[in-house]
Amino acid sequence: MILLSTQDISKTYGDKTIFKGINLTINSDDKIGLIGINGTGKSSLLRQLALQEMPDKGEIVTSNQLVIEYLPQTPSFDNKSNVIEQIFKGTSPFMKVLQEYELTLALVTENPHDEKLQQRLIALNDKMDLNNAWQVESEAKAILTKLGITDFLQNVQQLSGGAKKKIALAGALIRPCNLLILDEPTNHLDNDTIATLEEILKAKKCAIIMVTHDRYFLDRVTNKIVELDSGHLYSYDGNYSKFLELKAEREAIQAKMEDKKHALYKQELEWMRKGVEARRTKQKARKERFYELESNLSSGNKDELLIDLATSRLGKKVIEVDNVSKSFDNKCLLKHFSYIFTRYERIGIVGNNGVGKSTLLNMLVGKIEPDSGTIDIGDTVKIGYYTQENIGLKNELRVIDFIKEKASFIKRKDDTYASASKMLELFLFTPAMQYTPISKLSGGEKRRLYLLSVLMEDINVLLLDEPTNDLDIQTLQILEDYIDNFEGPVIAVSHDRYFLDRIAERLFIFEGNGVVTNSVGNYSDYVQFRQNEISVTINNEETHTKKEKSPRKVKFTYAEQREFDTIEDDISVLEEKIADVESSMVENSTDYGKLRELQDLKNKLEDELTLKMDRWEYLTLLQEEIQNQ
């Protein structure tokens, strides 16, 4: 079923056309990844699709059944609300009942002897029945558990940035919809949460369109890629790997067309070069075609530049960290950490938010002093540090002038020089964009410019703090190419598994409480090693007698007891409904329209039955445990 389609939509901000003549159809089973370089209008297009903004031209046609849930790149929060109010926000009676039920349930858990709360919970159970809200409530609890959200009464204002992102994401995933629009959902999430989000989205039965730079995420979740390039949209069926294959085919065809254009241009140029007298009689239309051909060839001519920049001499001693410890507010981030960095290191740093990854980088550059231990920097070391803030950007300057402040020319390994303008072109800033004030750049374009400003300096050690958070895929590929040719150590904090697989040869894993483990290989190697460790542990547990532990006191919650009392009847009702639908399918076997409706209904009922059977199995096992203790 078509949920939404755009018909020749265009959007302009000031004198800049973001996109023009965009046609996109979103079907109910689509899981779409929207990609393109920063500043091309991806977020603007998502806002149009979410009906938050209207196009300047064209129209957006929607289904009567369309229900949209939209997660912007920077979600807004009501700082007076708690976690439950933020997650279950909404004005519909359905969402109001869910919010009130979850809030009351959390309060009952904290105050189990409050009779007024108990009475309110009983009344809300009836409202939940009337609104058929139990399935959504069950799915919501599963999502919240997977995302590690447990403190429902905590005030949103007290949460960290990463925790707020989880809350906003959970709300978008929980609220019922048939089109889910996500703008950079993986930003600021740790690796384990991203893997969990993958599984949730793969199982989610609704259309999805999202902007993300995470290439593994695109590979595992999407079934269609749309690329926004120079204001035009190109669509490819398949995941990110298939997109790369199909795009290569498209570019090969375009290259052949360019070759034909060059041959035609040479032929037309000869014709144009004939004498002045002959030119007066030339066809006006043919001359216009020549000028158009010449213009197209000029704009399509891209001078490739390898990122093989020379680095200043790096001595034998690079960075030596000896027995370093660091704590903030009685929280231990680093405990007795030692490591000797060598010239050709490629190190990735991973771990949950707030465990000290950025703190280590800040200590390596001298921004923060360790509580104990020493950090010894070699005399020849020149560190380039890409931070999570755009340090040093001057909004009043033009792009080209800002980069020229770093260096007008930069030396390559073959002793030739690349100009600041050429480096800007390589980093996707067209000649026209180079004379734009920095203040007019998008957030992603500023991050790209900031990255180039770091690389343009005379450095021989590179530190990167979350470079993948705000950089587009094309810029990441340029950075990866730079790292391949960089003749010095690279230390990168990142949650991007593809990036870590691409550049890292060793990982520092921040486990928490100051513990840092060291793993040789890239991220996939580490994951495989961890899985092998888990398998060995399970096998050892199965072959050894476990020490007896005092039994854990378990009991039904009020809601679980109520559910257990009625679940068998619910299953019987669902089985009867499925049988009735199957009978109707036999009766309407020649009416394909009716048959499709019945099949959709059957699928929905079977999904509900599967969920109920899973819950029945869980509750039955819990009942047996309660009886046995």
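Helices (H or I, at least four residues) and strands (E, at least two) are taken as DSSP runs and numbered from the N terminus. On this basis the secondary structure of the chain comes to 20 helices and 20 strands. The model is predicted, and local features need pLDDT of at least 70, side-chain atom pairs count only at pLDDT 80 or more, and totals for chains, interfaces and linings use all residues. Residues are numbered from 1 along each chain as its sequence is written, and side-chain values use heavy atoms, with hydrogens and water left out.

Of the 629 residues of the chain, 45% count as buried, where buried means under 20% relative accessible area, exposed over 50%, and partly exposed in between (1.4 Å probe, protein chains only). Contact means heavy atoms within 4.5 Å. Among the contacts in the chain with a separation of 6 or more, 68% are accounted for by residues 24 or more positions apart.

A nonpolar core is a set of buried Ala, Val, Leu, Ile, Met, Phe, Trp, Tyr and Cys residues joined through side-chain atoms within 4.5 Å. The largest nonpolar core has 49 residues, of which Met 423, Phe 427, Leu 449, Leu 462, Leu 464 and Tyr 482 touch the most other members. Helix 15 (residues 443–455) gives the most to this core, contributing six residues. A second, separate core consists of 47 residues, including Val 108, Leu 159, Ala 170 and Phe 217. In soluble globular proteins, nonpolar side chains tend to be buried together.

Helix 15 packs with helix 16 (residues 473–485) at an angle of about 10°, and their axes are 11 Å apart. Helix 15 is therefore roughly parallel to helix 16, as angles under 35 degrees count as roughly parallel, over 145 as roughly antiparallel, 65 to 115 as roughly perpendicular and the rest as oblique. Axes are lines fitted to C-alpha atoms, for helices over the stretch in contact, and angles run from 0 to 180 degrees between N-to-C directions. On the helix 15 side, Arg 448, Leu 451 and Leu 455 meet Thr 475, Leu 479 and Tyr 482 of helix 16. The residues of this contact divide into four nonpolar, one polar and one charged. The loop between helix 14 (420–426) and helix 15 holds Gln 434. Gln 434 counts as buried because its relative accessibility is 1%. Leaving aside neighbours within four places in sequence, the contacts of Gln 434 are Arg 398, Val 399, Ile 400, Ser 421, Leu 424, Glu 425 and Phe 429.

Two strands pair if DSSP finds at least two bridges between them. An open sheet of six strands has the order 14-17-18-12-19-20, with mixed pairing. Its edge strands, strand 14 (383–386) and strand 20 (515–520), each pair on one side only. Neighbouring strands of this sheet are turned by 15° against each other on average, direction ignored. Within the sheet, strand 17 (residues 461–465) and strand 18 (residues 490–493) run parallel and are joined by four bridges. Leu 464 has Ala 492 of strand 18 as its bridge partner.

Strand 7 (residues 207–211) has five of its five residues buried. Ala 207, Ile 209 and Val 211 lie on one side, and Ile 208 and Met 210 on the other. Strand 7 pairs in the parallel sense with strand 3 (residues 31–35) over four bridges, with Lys 31 opposite Ile 208. Strand 6 (residues 179–183) pairs with strand 7, also in the parallel sense, over five bridges, and Asp 183 stands opposite Val 211.

Terms used:
Ala, Val, Leu, Ile, Met, Phe, Trp, Tyr, Cys and Pro count as nonpolar, Asp, Glu, Lys and Arg as charged, and the others, Gly among them, as polar.
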